[in-house]
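Thanks, everyone. Let me put the model up, and then I'll go through the charged pairs and the cores.

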Amino acid sequence: MKKLMTGDEAIARGVFEAGVKFASAYPGTPSTEILENLSEIDRKYLVAEWAPNEKVALESAIGASVAGARSFAAMKHVGLNVAADPFFTAAYSGVNGGLVLVTADEPGQFSSQNEQDNRNLAKAAFVPMFEPADSQECKVMVKAAYEMSEEYDTPVIIRMTTRVCHSKGLVEIEDREEVGIKKWEKQPLKYVMVPANAKVRKQYVFERMEKLFDYSNSCEWNFAEYNDTKIGVVVSGDCYLYAKEVFGDDASYLKVGFSNPLPDKLFKEFAGKVDKIYVIEENDPIMETHIKALGIKCHGKDVFPSHGEMIPEVIRRSISGKEVPIFDEAKEVMINRAPTFCAGCPHRGFFYTLGKRKNIMISGDIGCYTLGYGAPYNAMDMTLCMGASISMGHGASQVFSMDENQDVKVVSVIGDSTFFHSGINSLLDVVYNNSSTVTCILDNRITGMTGQQQNPGTGFTAQGQQVTEVDIESVVRAIGVKNIRRINPNSLEEVEAALDWALALDEPSVIITWWPCALKIQSESDKENFPGSFQSKYFVDESVCIGCRKCTKTGCPAISFKKEIKKSSIDPNKCVGCSVCAQVCPVKAIRKVEK
């Protein structure tokens, strides 16, 4: 039986069919849907968990592997930076049950702060890597990766990209293979990575890579496809499909599906049969550098862009030098829309108020609230990576305290899921070093940006089990913060008062905004804590409205301005009753709709 699946769904299917017992991940686009699909599987087959961050996810999977089960971890490309510590050393210790890790890279960085190529990390860590081109390959490569992991005693990485994750293709559905759990035996020389043991295991890593080098030259995943031999195209992943769309049968192809270590004999054989070689790969010239080191002439980044997606339009433009026209039909349906907070988002009132403050630096983080940097709020001065807002803010605050010419206070902004991810350590640093920064934890009761995933503060696991709800205020207090306020971010008076209070202090303070995401399906706890939330709507009384547009400066997509009559209007289909606009209106023209 065949089923239409995205690459993420196919990865999850491959994990299930391979007999995996344990899976852990941290949500990150474009990898999020993998664990979401795994979480729907009955726990009698597989335990699927959201971890607080990627390092914890991979470490949990490594522990499950050592205990004897096939295990799995998934993350987006920057998540592997967080998990790099266990990732690099797991290559030394190897596995007991098979261990596979997915990294979802983002050529074109649609939702990421950088565009790194994790083929580099696989190479640096001496970890074998697969690169699927479509959904069917996603599934079969997962199963092959587990076989390789156990045969060669190694973790295996599967590199996905955005298009592979989210595009759909037909996938052959097969039965699950119940592999069972291997017996665990004490092997401190293998799993205790003190220097003396690690030195021995490093030699084993080199020997393993030599064996995998032979595998790379002969495996089914790396193959040549000969058509017209005037042009030869070396490709991996989805670039194989892009190149075939452009060249068709007018070129021959060498498809690399197993990309670390890269083959040599296969490249030399291919080069001997074609006249001209193009290497098409997204981001870094990994294959191009390897091919040139073999003494083979080829064209790569001298023709194609050094960043972004190598989609057919880009390949055509790079080869011909001509811009590819966009169909008129496509132009008509393409709408330029700036990203913005949803109607009723609890972050809006907070950033509307914060953006009006003077003499402050606002240190931001990764999440929906990063949108606070743009108009009309302009309430963010720096954003780097997950969990960095508090520690960056602390460093900046220490410098400002040394400079008598700058009277600047620092406000660090972070979300609830990001606080659990890595913000806790940063806040610990603030307390330990007695920083005067103001830390604002925006608790919207869910992991919002990636699509409403559970986290330690929601009270539910990935598979829907009700568990202890970790209270952020209690955690903050336990760390040692004495000055804490929890507020409703929809109340501009509460936000103003809390900022006044915190900015006047000369020691660490934390403001926790507490209101659920407008898109969240509310739990019983939410209904109890936020009675009546999202149950009302507001309207503009045009007879009172003076057309000052102050309400539009809240940035709410439910509000528009009718230029013909110079009055504001609220779309009742979008409004969820946060009341921020009503608080802003100077003439009280915005009112609640009576039931």
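Start with Arg159 and Asp117. They form a salt bridge, with the closest N and O atoms 3.4 Å apart. Keep in mind that this is a predicted model. Where do the two partners of this bridge lie? Arg159 is in strand S7, residues 156-161, and Asp117 is in the loop between strand S5 (99-105) and helix H6 (119-125), so the pair ties together parts that are 42 residues apart in sequence.

Are these side chains buried or exposed? Take Arg159. Its relative accessible area is 4%, so Arg159 is buried. Asp117 is buried too, also with a relative accessible area of 4%.

Arg159 has another partner. Its side chain meets that of Glu131 in a salt bridge, 3.0 Å from N to O. Again the pair links distant parts of the chain: Arg159 sits in strand S7, and Glu131 in the loop between strand S6 (129-130) and H7, 28 residues apart. Glu131 has a relative accessible area of 2%, under the 20% cut-off, and therefore counts as buried.

Next pair: Glu137 and Lys255. Their side chains meet in a salt bridge, 3.0 Å from N to O.

On to the nonpolar side. The largest nonpolar core has 45 residues. Which members touch the most others? Ile11, Leu38, Phe72, Phe130, Ile158 and Met160. Helix H7, residues 135-152, supplies the largest share of this core, 8 residues. There is also a second, separate core of 43 residues, which includes Phe351, Val411, Val476 and Ile479.

Look at Ile158. Leaving out residues up to four places away in sequence, its contacts include Ile11, Val100, Leu101, Phe130, Met141 and Ala145.

Last stop, Val235. This residue is in strand S10, residues 231-236. Its relative accessibility is 0%, so Val235 counts as buried. What does Val235 touch, beyond residues up to four places away in sequence? Tyr240, Ala243, Leu254, Lys255, Val256, Ile280 and Met287. Among them is Lys255, the salt-bridge partner of Glu137. For scale, Val235 and Glu33 are 202 residues apart in sequence and 26 Å apart in space, C-alpha to C-alpha.

How values were computed: Residues numbered from 1 in each chain as written. Predicted model: local features only at pLDDT ≥ 70, side-chain atom pairs only at ≥ 80, totals over all residues. Heavy atoms only, no water. Core = buried A, V, L, I, M, F, W, Y, C linked by side-chain atoms within 4.5 Å. Buried < 20%, exposed > 50% of the residue type's maximum accessible area, 1.4 Å probe, protein only. Helix = DSSP H or I, 4+ residues; strand = E, 2+ residues; numbered from the N terminus. Contact = heavy atoms within 4.5 Å. Salt bridge = Lys/Arg side-chain N within 4 Å of Asp/Glu carboxyl O.
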